[in-house]
Amino acid sequence: MSTRNDESIPDHRGTYGFKPGQQTSGSSLPNGSYLIEKLDTRREFVTEVDGYVYWWPNVSHNGHFASHHLRWIADELDRRNEKWQTFIDDHFSKSKLVD
């Protein structure tokens, strides 16, 4: 049975050039901030006509994502959509759809 640790992880060029747990200074995200900054740089977070932010990956960048990368992206989408979701919830809680 083989085990892996951070030192044995190969070059991460396929995952936008970051290593697990790597952070950049000044970021408010505890984990994955380097990945999020890369996705921002590549304009992969897009606000659609419904007002929500979505992740539209640029398929020209080869690579792979592990489950923890996808959790970081999901957490970032939740963070970016939080104010809009609150607005939508408040609006519909005050609206009468049926008399």
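Helix 1, which covers residues 33-41, packs against helix 2, residues 67-94, at an angle of about 65°, and their axes are 10 Å apart. That angle makes helix 1 roughly perpendicular to helix 2. The crossing in which helix 1 passes helix 2 is right-handed. By class, the contact between helix 1 and helix 2 holds five nonpolar residues, one polar residue and three charged residues. The model described here is a predicted one.

The residues behind these classes can be named. Helix 1 brings Leu 35, Ile 36, Leu 39 and Asp 40 to the contact, and there they meet His 69, Trp 72, Ile 73, Glu 76 and Arg 80 of helix 2.

The protein chain has two helices and two strands. Read from the N terminus, its elements run in the order α-β-β-α. The chain has 99 residues, of which 23% count as buried. Among its contacts between residues at least 6 apart in sequence, 45% join residues at least 24 apart.

Consider next the side of helix 1 that is hidden from the surface. Which residues of helix 1 are buried? They are Ser 33, Tyr 34, Leu 35, Ile 36 and Leu 39. Leu 35, Ile 36 and Leu 39 were named above in the contact with helix 2. Helix 2 is one of the elements that the buried residues of helix 1 pack against; the others are strand 1 (45-47) and strand 2 (53-55).

Asp 40, also in the contact with helix 2, is partly exposed because its relative accessible area is 34%, which lies between the limits of 20% and 50%. Side chains of opposite charge can pair when their charged atoms come close. How many salt bridges are there? The count comes to three.

One of them joins the two helices. Asp 40 forms a salt bridge with Arg 80, and the closest N and O atoms are 2.7 Å apart. This pair links distant parts of the chain, since Asp 40 is in helix 1 and Arg 80 is in helix 2, 40 residues apart. Arg 80 is partly exposed, with a relative accessible area of 25%.

Arg 80 also has a partner within its own helix. The side chains of Arg 80 and Glu 76 meet in a salt bridge, with 2.6 Å from N to O. Both residues lie in helix 2, four residues apart, which is about one turn of the helix. Glu 76 in turn forms a salt bridge with Arg 79, where the closest N and O atoms are 2.7 Å apart. Arg 79 and Glu 76 are likewise both in helix 2, three residues apart, again about one turn of the helix.

Taken together, Asp 40, Glu 76, Arg 79 and Arg 80 are linked in a network of salt bridges. Is Glu 76 buried or exposed? Glu 76 is buried, because its relative accessible area is 2% and the limit for buried is under 20%. Arg 79 is partly exposed, with a relative accessible area of 45%.

Helix 1 is followed by Arg 43, which has a positive phi, near 55°. This is a positive value in a residue other than glycine. Arg 43 is found in the loop between helix 1 and strand 1. At 72% relative accessibility, Arg 43 counts as exposed, because the limit for exposed is over 50%.

The last stop is on helix 2, at Leu 77. Leu 77 has a relative accessibility of 17% and so counts as buried, the limit being under 20%. What is Leu 77 in contact with, leaving aside its neighbours within four places in sequence? The residues are Phe 45, Val 53, Tyr 54 and Trp 55. The C-alpha atoms of Leu 77 and Tyr 52 are separated by 8.7 Å, and the two residues are 25 residues apart along the chain.

Technical notes. Residues are numbered from 1 along each chain as its sequence is written. This is a predicted model: local features need pLDDT of at least 70, side-chain atom pairs count only at pLDDT 80 or more; totals for chains, interfaces and linings use all residues. Side-chain values use heavy atoms; hydrogens and water are left out. Axes are lines fitted to C-alpha atoms, for helices over the stretch in contact, and angles run from 0 to 180 degrees between N-to-C directions. Angles under 35 degrees count as roughly parallel, over 145 as roughly antiparallel, 65 to 115 as roughly perpendicular and the rest as oblique. A crossing is left-handed if the near helix is turned anticlockwise from the far one by less than a right angle, and right-handed if clockwise. Contact means heavy atoms within 4.5 Å. Ala, Val, Leu, Ile, Met, Phe, Trp, Tyr, Cys and Pro count as nonpolar, Asp, Glu, Lys and Arg as charged, and the others, Gly among them, as polar. A salt bridge is a side-chain nitrogen of Lys or Arg within 4 Å of a carboxyl oxygen of Asp or Glu. Buried means under 20% relative accessible area, exposed over 50%, partly exposed in between (1.4 Å probe, protein chains only).
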